[in-house]
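I'm opening my notebook on a new protein chain. I want to look up a few spots and write down what I find.

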Amino acid sequence: MRERRGITSGSMSSVPRKSNIELFRILAMWGILILHCMGQGRVLDTVVPENLNYYLVWTLEAFCYASVNVFALISGYFLIYGRFKVCKVFSLWVEIFFWSIVVFCIAVAMGVCPLDGLSLVKTIFPVIMRPWWYASCYLGLYLLSPFLRKGLLSLTQRQHAALVLVGLALFCLPYDTFNVASGYSLIWLVYLFCLAGYVRRFGLFVQVSTRALTL
């Protein structure tokens, strides 16, 4: 029996963005915002155990915990057949730099962040100093994306599936042997790129209807 092949990049590159996936992206962005409010806002530290609010807050935290992974998967889903643009690298860097300056100025004005040398260096070099891990790692992922895409598209479905399963086994070890850093790393985004690439190439959920999911 012939092994199922992925759809060629030429036929997929013109596929428009899907509204359901874009809605999922918006929900993931809200989830990330909630996670930051819970963590940086110290909501998790202030709730009292065995209290109703405690269970509500941690339940919401659990639901939103995968938001970063979802956002990265959606990015990989589109990047696997996307076209690398040097101008986008510059655009991403400018966006990161701009918001780094804006947030720093607001934080200093509110007295949240001290106006010292280290804070200023982190603000001026946000990609290198990594005050926001996802922005730095995503920029790195985008730079690697043409090479990852070329490698993945050369794999058969069986080989691509084996890559995903081996990666899952390696990253599920009880110790952080490969510096996944609980998902806050470039290597984890690369793995999610491979996983999303498999879903996109071989239409993993294309034939799954919403009616079947509700039965």
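My entries below go from model confidence to helices, loops, surface and charges.

**Ground rules.** I'm working with a predicted model, where local features need pLDDT of at least 70, side-chain atom pairs count only at pLDDT 80 or more, and totals for chains, interfaces and linings use all residues. I number residues from 1 along each chain as its sequence is written, and side-chain values use heavy atoms, with hydrogens and water left out.

**Confidence.** I checked pLDDT, the predictor's confidence in each residue, from 0 to 100. The chain has a mean of 83, and 87% of its residues reach 70 or more. Residues 1–14 sit below 50, and this stretch has 19 contacts in the model beyond near neighbours in sequence; a contact means heavy atoms within 4.5 Å.

**Helix α6.** Helices here are DSSP runs (H or I, at least four residues), numbered from the N terminus. Next I looked for its buried residues (buried is under 20% relative accessible area, exposed over 50%, partly exposed in between, with a 1.4 Å probe and protein chains only). I found Val89, Leu92, Ile96, Ser100, Phe104 and Ala107. Their cover includes α7, α8 (126–129) and α9 (133–153). After α6 comes Gly111, with a positive phi near 80°.

**Thr123.** This one is in α7, residues 117–124. Is Thr123 buried or exposed? It counts as buried, because its relative accessibility is 6%. Leaving aside neighbours within four places in sequence, I see Thr123 touching Phe97, Ser100, Ile101 and Phe104. Ser100 and Phe104 were on my list of buried α6 residues too.

Most residues other than glycine have a negative phi. I still found Asn179 with a positive phi near 55°, and Ala181 also has a positive phi near 55°. Asn179 is in the loop between α10 (157–171) and α11 (186–202), and Ala181 is in the loop between α10 and α11 as well. Asn179 is exposed at 58%, while Ala181 is partly exposed at 33%.

**Nonpolar patch.** I looked for nonpolar side chains (Val, Leu, Ile, Met, Phe, Trp, Tyr) joined within 5 Å, in residues with over 30% relative accessible area and no salt bridge. Leu118, Leu120, Val121, Ile124, Phe125, Ile128 and Met129 make a patch of about 630 Å². Both α7 and α8 give two or more residues to it, and α7 has the largest share, with four. Met129 belongs to α8 and is partly exposed, at 33%.

**Salt bridges.** How many salt bridges does a search of the whole structure find? It finds two, taking a side-chain nitrogen of Lys or Arg within 4 Å of a carboxyl oxygen of Asp or Glu. In one, Arg25 meets Glu22 at 3.2 Å, N to O. Both are in α2 (residues 19–39), three residues apart, about one turn of the helix. Arg25 is buried at 14%, whereas Glu22 is partly exposed at 23%. In another, Asp45 pairs with Arg42, the closest N and O atoms being 3.6 Å apart. Asp45 is exposed at 58%, and Arg42 is exposed at 54%.

Definitions and conventions. Patch = residues over 30% accessible without salt bridge, like charges linked within 9 Å, V, L, I, M, F, W, Y side chains within 5 Å. Areas by Shrake-Rupley, 256 points an atom, 1.4 Å probe, with all protein chains shown as cover.
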